[in-house]
Amino acid sequence: MTTQTKVALVVGAQGVIGRNLIDHLAAKEDWQVIGLSRRAGVDQGRVRHIAVDLLDAGDTRRKLAPLTSVTHVFYTAYQDRPGWAELVPPNMAMLVNVVDAIEPVASKLEHISLMQGYKVYGGHLGPFKTPARESDAAFMPPEFMHDQQRFLEARQQGKAWSWSAIRPAVVGGFALGNPMNLALAIAVYASVSKELGLPLRFPGKPGAWDRLLEMTDAGLLARATEWAATEPRCANQAFNITNGDLFRWSEMWPFIADYFGLALAPPLPLSLATVMADKEPLWDAMRERHGLAPHAWSEVSSWRFADFVFSWDYDMFGDGSKARRFGFHEHVETKAMFTRLFDDFRRRKIIP
């Protein structure tokens, strides 16, 4: 029996989430994949890439006009801005431009998957109700994730396609030049500490040391995203997707120090964005001395995001039981995730 091919349009193809989703779908025979990003990737096998400025409605329409065979849109794009309210216009515009461009031409469109996060629950603002649940009430705007979901809900009315909203915790995966790559930030911070002969110190707020939090493995997230987009029961639903275990930095940090062969010193609040700002010459020397891949300092730096995560002096976790009730039962041990990612960074010669 011939399996019907599905055509995925992955929006935000070069980020941690988009890149890992493409790798997952490309390994399956029933998917063709088209990746959208500002800088197009390399076409390979069943994957082709298109460079597009999603903030430009005209460019988006022109580039997406030939994509008549798309059946599933996986929206993972994100534009960073320094202010909370400033995030709304660009992130709303990109989603609207994509849907406006693809819906009229893709007559076989079945599903639009929207990648969200714990901003939906106000996790970026301060202490919030935990465990966060998909049914929790919204809060006072502005918040682009709320706006994006309401846009899809309204647009879907009377249409044949459905939507899903996927809500991961902090995502662990491989991608370079990404502003939200916590695992890589930790790996580079530890590597620089070792190069300077320093012990590994937790650089976050004192209250963050013992708070409960969770992460989401990028591979697990990719599998869950495909599941929600292709399981009819998941139509027009939101799901928290996490590794399934909770941890505290007070337990995880000694494990990380041990992986890198570093002594552990007491936590000390440090702004990584500040203390790492002058380390590019050191990194260039490390790259030469250890024979590392020729990646620029900017490609391995996610300091502002790491500072943000390490500032959470409140619990940060959600209730993942809804996905299990709907049929997704996979889980990943977070320590095993960190080990696999650090090993991968070394294999790729990103860190010594």
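A: Let's begin with the overall layout: the centres of domain 1 and domain 2, taken over C-alpha atoms, are separated by 28 Å. The model is predicted, so local features need pLDDT of at least 70 and side-chain atom pairs pLDDT 80 or more, while totals for chains, interfaces and linings use all residues. Residues are numbered from 1 along each chain as its sequence is written, and side-chain values use heavy atoms, without hydrogens and water.

Domain 1 covers 6-170 + 218-241, and domain 2 covers 176-214 + 246-316 + 331-345 (bounds from an automatic or database assignment). To their contact (heavy atoms within 4.5 Å), domain 1 gives 20 residues and domain 2 gives 16 residues.

Now for the largest pocket, which holds about 990 Å³ of space. A pocket is an open set of points on a 1 Å grid, with protein on both sides within 12 Å along at least five of seven lines; a cavity is a set where a 1.4 Å probe fits but cannot get out; lining residues have an atom within 4 Å of a point. Volumes are the space filled by probe spheres set on the points.

In total, 47 residues line the largest pocket. If you want to find its centre on your screen, look for T76, A77, Y78, N178 and M180, which lie nearest to it. Both domains take part: domain 1 and domain 2 each supply at least three residues of the lining.

Sorted by class, the pocket lining has 26 nonpolar, 14 polar and seven charged residues (Asp, Glu, Lys and Arg count as charged; Ala, Val, Leu, Ile, Met, Phe, Trp, Tyr, Cys and Pro as nonpolar; the others as polar).

Searching the whole structure gives one cavity of 30 Å³ or more, and the largest cavity has a volume of about 40 Å³. Around the largest cavity you will find A208, R211, L212, L213, W249, V309, W312, Y314 and M316. This lining has eight nonpolar residues, one charged residue and no polar ones.

Elsewhere, the loop between α6 (218-230) and β9 (237-241) holds N236. N236 is not a glycine, yet its phi is positive, about 60°. Why point these out? Most residues other than glycine have a negative phi, and most peptide bonds are trans.

How values were computed: Helix = DSSP H or I, 4+ residues; strand = E, 2+ residues; numbered from the N terminus.
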